[in-house]
Amino acid sequence: MNTNPVHLRGTGTFGLGGEPAVFLDGVRIGTFGPAMEVLSQIPARDVRNIRVLRGAASAFLRGSADGSIHIETRSGPG
């Protein structure tokens with residue numbers, strides 16, 4: 001498992017943890033480090049789309065000052 005941190009914006013921006021929020025089919029599953037355990041159980045063939053949102057507005061709207069990663073699976077909604 002990769003233990004290197006992922007930073008989409010500056011470390012600790014606005015006093016938060018420094019890792020992007022991770023969403024799986026619209027549900028927040030945590031920050032990148034802890035979410036990797038969940039994500040490692042999803043076969044690559046089941047992933048429909050991955051979006052990385054950067055910037056203050058998109059990060060703020062999703063509750064993470066350090067951006068967010070959105071993974072959409074084929075079995076998820078929509």
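Strand S3 (47-53) and strand S4 each contribute at least two residues to the lining of the largest pocket in this predicted model, where strands are DSSP runs of E with at least two residues and helices are runs of H or I with at least four, numbered from the N terminus. S4 accounts for the largest share of that lining, namely three residues. A pocket is here an open set of points on a 1 Å grid over the protein atoms alone, where a 1.4 Å probe fits and protein lies on both sides within 12 Å along at least five of seven lines, and lining residues have an atom within 4 Å of a point. The largest pocket holds about 150 Å³ of space, the volume being that filled by probe spheres set on the points, which are joined across faces, edges and corners. Its lining comprises 10 residues, with Asp 25, Gly 26, Arg 51, His 70 and Ile 71 lying nearest the centre. By class, the lining residues divide into three nonpolar, three polar and four charged, with Ala, Val, Leu, Ile, Met, Phe, Trp, Tyr, Cys and Pro counted as nonpolar, Asp, Glu, Lys and Arg as charged, and the others, Gly among them, as polar.

Residues are numbered from 1 along each chain as its sequence is written. The model is predicted, so that local features need pLDDT of at least 70 and side-chain atom pairs count only at pLDDT 80 or more, whereas totals for chains, interfaces and linings use all residues; side-chain values use heavy atoms, with hydrogens and water left out.

The protein contains two helices and four strands, arranged along the sequence in the pattern β-β-α-β-α-β. Of its 78 residues, 32% are buried, that is, under 20% relative accessible area with a 1.4 Å probe and protein chains only.

Leaving aside residues up to four places away in sequence, Val 22 touches (heavy atoms within 4.5 Å) residues including Phe 32, Ala 35, Leu 39, Ile 69 and Ile 71.

Phe 23 also lies in strand S1 and is buried, with a relative accessible area of 8%. Phe 23 and Ile 71 are separated by 48 residues in sequence but lie 6.1 Å apart, C-alpha to C-alpha.

Notes: Buried means under 20% relative accessible area, exposed over 50%, partly exposed in between (1.4 Å probe, protein chains only).
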